[in-house]
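Have the sequence and the 3D view open side by side.

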Amino acid sequence: MSAVSAGPLEKGSTSTVEAPVREKETRGEEELDLPWQVVVHNDPVNLMTYVTMVFQRVFGYPREKAERHMLEVHQKGRSILWSGVRERAEFYVQQLHGHLLLATLEKID
Amino acid sequence: MEICRAGDALQISDLDPFLAELLRQIPISTNPDGAPGAEARLFAQPSAEEEICAEWKSYVEPELRRLFRSASETVADDLEQLNGSKKSLSNCTLHIPIQHADAWLNTLNQARLVIATKYNFSDEELNDHDRSPIGSRRDLGLFQINFYGFLQEFILREISA
């Protein structure tokens, strides 16, 4: 989150307000490590209902959203389920593998 | 065979010897030995990046092995109900505690994936739900996949009800 501050007014100054000075943006490690995505790939063995249930459990998605992703996997061969920091993405991929879904962690170019 | 929810358990009753045997085969069907493709499917690569895969093999894969083995052991324990009895299987009922549902879903999935990989079934074959199990070991494998999928569907319906 960037912050904006106004410079102090000097006594006798005719200027009302100095031009705002934008402070240098500071980013946490998480923001610097953003470009990772969790991708689930199609697998003809896993049941569609099972895949939907796993998406709901792992990501906390509502049923409709989980079904949309499941259908995308089924029809297009893959779906991006989540994107963000690497550590969290690894956690999600581990959860998905624990449910025997084909999932990978990909760096966004 | 009848399958229903009975309180805090799932109940499979009126088992004929053939289906009872397929149930007994669930834990052993999860064994990927002799099928390198099945091992690779159960423990799939998590990334195209070598560094991630190496870390995964050291730290995550052992956890996954423990998880899968634990689920399979839970199912094997439940299936003990089908062993050691001389009475007719038509009177035999298998009770699956609802808290074992996740272990069953996981183990059935392991079994289906391993069988599918061992026999290298095509998408078309996997969508063929009417093939007779009588014919070859391969046909029986496809029947197993469908039967285990049917059980998964039932369990999923019951736990989400």
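## A residue in the core

Leave aside residues up to four places away in sequence, and A:L96 touches A:V40, A:V54, A:V58, A:L101 and A:A103. This is a predicted model.

A:L96 belongs to the largest nonpolar core, which has 48 residues. Together with A:V38 and A:V54, A:L96 touches the most other members. Chain B also contributes to this core: helix 4 of chain B gives the largest share, 9 residues.

## Chain B overall

Chain B holds 6 helices and 3 strands. Read from the N terminus, the order is β-β-α-α-α-β-α-α-α.

The C-alpha trace of chain B spans about 55 × 35 × 30 Å along its principal axes. The radius of gyration of chain B is 17 Å. A compact globule of 161 residues would have one near 15 Å, so the value for chain B agrees.

Of the 161 residues in chain B, 29% are buried. Now take the contacts in chain B with a separation of 6 or more: 70% of them link residues 24 or more positions apart.

## The strands of chain B

Strand 1 (residues 2-6) and strand 2 of chain B run antiparallel, joined by 5 bridges. B:R5 sits opposite B:L10 of strand 2. The two strands form a hairpin with 2 residues between them. In the turn, B:G7 has a positive phi of about 65 degrees.

Strand 2 of chain B also pairs with strand 3 (residues 94-97) of chain B. That pairing is antiparallel too, over 4 bridges. Here B:Q11 has B:H95 as its bridge partner.

Which face of strand 2 (residues 9-13) of chain B is covered, and which is uncovered? B:L10 and B:I12 make up the covered face. B:A9, B:Q11 and B:S13 lie on the uncovered one.

## Where the chains meet

The contact draws 15 residues from chain A and 20 residues from chain B. On the chain B side, four helices each supply at least two residues: helix 3 (50-79), helix 4 (101-119), helix 5 (123-126) and helix 6 (137-160). Helix 4 of chain B provides the largest share of that side, 6 residues.

By residue type, the side of chain B that touches chain A has 11 nonpolar, 6 polar and 3 charged residues.

Conventions:
Residues are numbered from 1 along each chain as its sequence is written. Chains are lettered from A and ligands numbered from 1 in the order in which they are written. This is a predicted model: local features need pLDDT of at least 70, side-chain atom pairs count only at pLDDT 80 or more; totals for chains, interfaces and linings use all residues. Two residues are in contact if their C-beta atoms, placed from the backbone, lie within 7 Å. Ala, Val, Leu, Ile, Met, Phe, Trp, Tyr, Cys and Pro count as nonpolar, Asp, Glu, Lys and Arg as charged, and the others, Gly among them, as polar. A residue is buried if 20 or more other C-beta atoms lie within 10 Å of its own, exposed if 12 or fewer, and partly exposed in between; C-beta atoms are placed from the backbone. Two strands pair if DSSP finds at least two bridges between them. A nonpolar core is a set of buried Ala, Val, Leu, Ile, Met, Phe, Trp, Tyr and Cys residues joined through C-beta atoms within 7 Å. The radius of gyration is taken over C-alpha atoms; the globule rule is 2.2 Å times the number of residues to the power 0.38.
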